[in-house]
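Notebook open, structure loaded. I wanted to go through it entry by entry and jot down what I looked up.

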Number of protein chains: 2
Amino acid sequence: MATSEQNTISVRNPRTGQTDYTFFVPSATALNHTCTQLRAGQVGWAKCSIDDRIAVMQQWKTEVENHKTELVEALCADTGRQWETLLEADIVASSIDRWCSISKAFFATPIRKASSIPFLEIQQDLVPYPLVGVISPWNFPLLLSLIDTIPALLAGCAVVVKPSEVTPRFVEVINKTIAAVPFLGSVLAYVQGAGHTGAEIVNNVDLVCFTGSTATGRKVYQAACDRFIPVFLELGGKDAAIVLAGADLQLATSALLWGSTANAGQSCLSVERIYVQSTIYEEFVELLTQKASAVSLAFPAMNDGKIGPIISDKQVTIIDDHLRDALEKGAKITTGSTQCQNLGGGYYCRPTVLTNVNDSMKIMTEETFGPLMPVVAFDTISDGIALANSTVYGLSGAVFAQTTAQAIEVGQQMHCGAVSINDAALTAIMHEGEKNSFKMSGIGGTRMGPSAIKRFMRQKVFLIKNNTAPDPWHFA
Amino acid sequence: MATSEQNTISVRNPRTGQTDYTFFVPSATALNHTCTQLRAGQVGWAKCSIDDRIAVMQQWKTEVENHKTELVEALCADTGRQWETLLEADIVASSIDRWCSISKAFFATPIRKASSIPFLEIQQDLVPYPLVGVISPWNFPLLLSLIDTIPALLAGCAVVVKPSEVTPRFVEVINKTIAAVPFLGSVLAYVQGAGHTGAEIVNNVDLVCFTGSTATGRKVYQAACDRFIPVFLELGGKDAAIVLAGADLQLATSALLWGSTANAGQSCLSVERIYVQSTIYEEFVELLTQKASAVSLAFPAMNDGKIGPIISDKQVTIIDDHLRDALEKGAKITTGSTQCQNLGGGYYCRPTVLTNVNDSMKIMTEETFGPLMPVVAFDTISDGIALANSTVYGLSGAVFAQTTAQAIEVGQQMHCGAVSINDAALTAIMHEGEKNSFKMSGIGGTRMGPSAIKRFMRQKVFLIKNNTAPDPWHFA
């Protein structure tokens with residue numbers, strides 16, 4: 001493992017295009033030192049009762065609440081958008097509360113029990129992985145840095161988090177909240193850096209959680225394989241929605257507009273492909289177009305509208321490429337942008353409805369991460385399902401139908417881990433369901449729902465001989 | 001993926017040393033064809049109710065019972081030993097029954113529930129991986145080919161199994177039992193072959209379970225990483241036992257003799273290192289030596305004694321190497337063999353107790369897979385624990401102490417997934433506890449206990465909007 005000199009990374013502001021923030025990247029030696037300290041802190045943390053750990057997490061929640069204004073301000077600077085930031089900041093408290101409640105119940109389960117062999121009892125223990133690494137992306141910088149961190153801490157692990165170098169400003173505030181809680185800093189550290197630092201994280205931890213692109217996720221899987229540690233990957237998506245004749249089109253268009261363009265489409269669970277039964281196709285497109293054209297950009301002021309800037313300039317290039325490719329191959333735009341628009345230094349993309357699209361276009365096959373809504377007509381339900389499944393991804397999906405039963409029946413044939421029924425992108429607001437990522441969208445157990453916390457612990461069993469009767473299987 | 005010509009593998013008999021069995025290896029094309037057929041069969045299998053799947057498995061159990069004599073005969077030829085074979089053959093029926101009962105309860109759980117958001121309901125579905133690959137070793141050829149196969153089938157997967165090429169004779173009998181059960185052959189196939197065939201299995205499946213050496217396990221992890229599929233590895237061990245002053249030495253020596261030398265030590269869960277508190281060390285060694293010297297080889301007849309031949313000739317080389325290395329470095333043998341002994345063409349190793357051993361010797365650091373019992377004295381309990389943990393492996397362990405509470409307290413400090421308390425190697429007879437492999441002994445969730453079946457299914461959640469009230473988070 002090569003050590004690197006301490007250096008700095010400069011960061012672009014997504015609203016102004018200016019480089020207005022710089023941070024230090026720790027050297028490999030410094031990162032290794034941080035991890036050694038976290039390992040030392042974890043020994044005591046794992047011995048704490050769950051009530052003690054909950055108490056610390058509740059103090060942290062209070063500190064996050066105390067620093068909320070400052071945190072929102074930093075996140076707004078990081079991401080250039082406001083209403084999603086407020087949503088994100090609100091989720092911290094409810095997420096800490098939910099995991100505290102789940103862990104309380106989880107660790108309360110009695111652990112000693114009889115077995116089918118009369119003289120053997122079984123005791124189940126849970127042993128946290130000492131040090132968990134969390135590598136998180138820029139689209140929801142706070143939320144996605146915490147989604148695995150909170151349950152890992154409650155499980156008794158120490159956690160080292162590396163948020164994206166694209167959105168680093170909030171880390172200063174998070175560090176203040178951590179420093180304000182006794183003990184927490186000994187088991188939780190946010191470190192700054194880019195890919196090289198991410199690789200060093202994998203070199204230092206016992207388990208790694210990564211949220212981000214499939215391309216980088218495959219590299220993380222490889223690094224975990226080399227180190228022989230477990231890996232949990234939550235990667236890209238190309239979520240499909242299926243709208244059947246008989247569906248409530250007012251509901252479907254409103255929900256899909258939101259599900260496709262919230263956070264300017266910069267969400268793994270965004271709907272990126274819409275399949276509509278041919279008998280309602282025209283009406284659907286007309287209604288969606290009308291509603292999409294009424295949604296305004298969050299410009300010039302951050303609270304002027306719903307669609308903020310594209311956060312990462314690399315993503316601007318991808319969105320423009322997907323639009324250009326689609327238009328060259330015959331796609332039509334009924335409302336929206338033919339390319340991202342530079343407004344005051346930031347790049348914005350209007351909610352854009354596309355027709356005449358097909359699977360030869362990147363817009364239908366690669367993750368766009370922009371507020372684009374390509375809409376395709378299908379005839380039979382099985383055609384619609386086949387189209388929805390014609391992707392290497394399998395994160396989530398949505399179905400709209402006349403009845404819930406029909407929508408679920410269709411959803412059961414979709415190859416993905418979560419299906420919103422008569423709504424879209426509900427995993428954004430509901431984290432209680434358990435889901436795996438299908439196909440190239442991820443590897444490893446569910447990160448949502450109560451059993452997600454089990455990922456951070458090894459099960460250990462004690463097989464206890466409870467009397468001294470002679471044992472028939474011994475030789476002598 | 002290169003196709004290979006169909007070829008044959010010839011197999012040595014572990015009792016005679018003669019090559020007396022030959023089997024055909026399917027070409028890559030033929031294997032791919034088998035897997036395609038299994039995928040087709042799995043579609044209907046997954047749609048069956050759990051009761052239907054249980055009925056098929058119960059018919060299979062009956063057929064295995066019907067073919068038991070023939071199966072035991074083939075397994076005895078494969079392994080050269082008898083009493084472990086009888087144990088192994090008996091476990092099939094109880095294992096099928098246990099998994100049928102677990103799956104019945106598992107799939108009976110209600111799946112639709114309310115959520116914390118009033119207008120959202122959650123429905124949890126379980127989606128089996130279509131095709132599971134099982135690659136299993138030669139030490140318990142039948143048992144370890146079934147340990148993942150039975151729950152995977154009940155989960156609704158199709159399964160392709162590649163048992164070790166060292167012990168292939170039982171497969172003909174297993175194939176008869178499969179052919180005798182309607183439907184089963186469409187979702188379960190045993191294929192024969194060596195490493196190349198194992199690699200082709202990984203190329204064809206959606207999830208792979210491997211039981212075997214850590215070296216090969218790392219290759220399987222790499223192959224799974226390349227294909228971006230999940231992997232479950234159960235690998236080597238160097239299990240330690242800790243014996244504290246105050247322990248029942250009659251019990252400890254009998255249990256450890258069994259735990260170290262059953263199946264001639266050819267078990268991942270064999271005790272391979274024994275740490276004894278110094279005040280009882282001499283008495284312990286004397287008693288263990290005395291009992292070990294009374295255990296006889298299963299020669300000339302298979303039922304003449306307890307210690308059968310070393311099954312794989314490669315393992316003979318490893319055991320001899322570990323013994324030579326230890327003796328060169330000063331180890332003393334109080335009873336047993338200085339090397340494996342050729343008797344009638346088979347290689348046998350007597351239960352062998354070694355003293356004057358230390359961590360410079362392979363016998364203390366590498367997996368031996370033979371009936372060797374190196375015994376080391378320690379002073380303080382924490383010394384004993386540190387010695388037990390001084391290994392790259394973390395499969396299981398054992399503790400003997402005056403009280404159960406003290407033994408558990410010590411066991412909690414051992415870095416491994418299962419600890420026998422006042423007995424040894426209990427995971428051989430008790431599969432109800434849930435355990436992860438620590439360190440280099442494996443990757444992935446528990447293969448024992450009720451939740452092991454969840455490894456073969458993806459969780460899928462339906463988030464169901466159950467009324468049409470306006471939704472505050474939609475834009476329009």
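Before I place anything in a helix: helices here are DSSP runs of H or I with at least four residues, numbered from the N terminus. Also for the record, this is a predicted model.

**Entry: Leu146(B)**

I started with Leu146(B), which sits in helix α5 (residues 141-146) of chain B. Is Leu146(B) buried or exposed? Its relative accessibility is 4%, and the cut-off for buried is under 20%, so Leu146(B) counts as buried. I then listed its contacts, skipping neighbours within four places in sequence: Trp60(B), Val92(B), Pro151(B) and Tyr190(B). I also checked Ile96(B), which is 50 residues from Leu146(B) in sequence, with 9.2 Å between the C-alpha atoms.

**Entry: helix α14 of chain B**

Next I looked at helix α14 (residues 381-389) of chain B, where the buried residues are Gly384(B), Ile385(B), Ala388(B) and Asn389(B). Why do they end up on the same side of α14(B)? Because they cover an arc of only 130° around the axis. What do the buried residues of α14(B) pack against? I found β10 (239-243), β11 (271-277), β16 (372-378), α15 (404-411) and β20 (438-439), in chain B.

**Entry: where the chains touch**

I moved on to the contact between the chains. 80 residues of chain B are in contact with 80 residues of chain A. The two chains bury about 6,600 Å² between them, and 64% of that is on carbon and sulfur atoms. How many salt bridges are there between chain B and chain A? The count is 0. For polar contact I got 31 residue pairs between chain B and chain A, counting pairs with both residues at pLDDT 80 or more. On the chain B side, strand β22 (residues 457-465) gives the most, with 9 residues. The residues on that side of chain B split into 41 nonpolar, 22 polar and 17 charged.

**Entry: salt bridges**

Over all chains the count is 34 salt bridges, and I picked a few to look at.

- Glu234(A) and Lys435(A) pair up at 3.0 Å, N to O. The pair links distant parts of the chain, 201 residues apart: Glu234(A) is in strand β9 (residues 231-234) of chain A, and Lys435(A) is in the loop between β19 (418-421) and β20 (438-439) of chain A. Glu234(A) counts as buried at 10% relative accessibility, and Lys435(A) is buried too, at 6%.
- Arg81(B) bridges to Glu88(B), with the closest N and O atoms 3.2 Å apart. Both Arg81(B) and Glu88(B) are buried.
- Arg324(B) and Asp321(B) meet at 3.5 Å, N to O. They are separated by about one helical turn because they are 3 residues apart in helix α12 (residues 313-328) of chain B. Arg324(B) is partly exposed at 45%, and Asp321(B) is partly exposed at 22%.
- Asp20(A), Asp78(A) and Arg169(A) are linked in a salt-bridge network.

**Entry: two residues of chain A**

Asn263(A) lies in the loop between α10 (249-261) and β11 (271-277) of chain A. I have Asn263(A) down as buried, at 1% relative accessibility. Which residues does Asn263(A) contact, leaving aside neighbours within four places in sequence? My list reads Arg81(A), Trp83(A), Glu84(A), Asn139(A) and Phe140(A).

Ala40(A) is in helix α1 (residues 28-47) of chain A and counts as exposed, at 53% relative accessibility. Its C-alpha is separated by 48 Å from that of Asp304(A), 264 residues away along the chain.

**Entry: backbone checks**

I looked for cis peptide bonds and noted one from Phe299(A) to Pro300(A), with omega near 5°. Pro300(A) is in the loop between α11 (278-293) and α12 (313-328) of chain A. In chain B, a cis peptide bond joins Phe299(B) and Pro300(B), with omega about 5°.

Then positive phi in residues other than glycine. Lys439(A) has phi near 45°; Lys439(A) is in strand β20 of chain A and partly exposed, at 31%. Phe183(B) has phi near 85°. I placed Phe183(B) in the loop between α7 (170-179) and β7 (188-190) of chain B, partly exposed at 40%.

Key:
Residues are numbered from 1 along each chain as its sequence is written. Chains are lettered from A and ligands numbered from 1 in the order in which they are written. This is a predicted model: local features need pLDDT of at least 70, side-chain atom pairs count only at pLDDT 80 or more; totals for chains, interfaces and linings use all residues. Side-chain values use heavy atoms; hydrogens and water are left out. Buried means under 20% relative accessible area, exposed over 50%, partly exposed in between (1.4 Å probe, protein chains only). The arc is that of the directions from the helix axis to the C-beta atoms. Contact means heavy atoms within 4.5 Å. Buried area is the accessible area (1.4 Å probe) that two parts lose on being put together, summed over both. A salt bridge is a side-chain nitrogen of Lys or Arg within 4 Å of a carboxyl oxygen of Asp or Glu. A polar contact is a pair of N or O atoms within 3.5 Å; within protein, one must be able to donate a hydrogen and the other to accept it, and residues adjacent in sequence count only if both atoms are side-chain atoms. Ala, Val, Leu, Ile, Met, Phe, Trp, Tyr, Cys and Pro count as nonpolar, Asp, Glu, Lys and Arg as charged, and the others, Gly among them, as polar.
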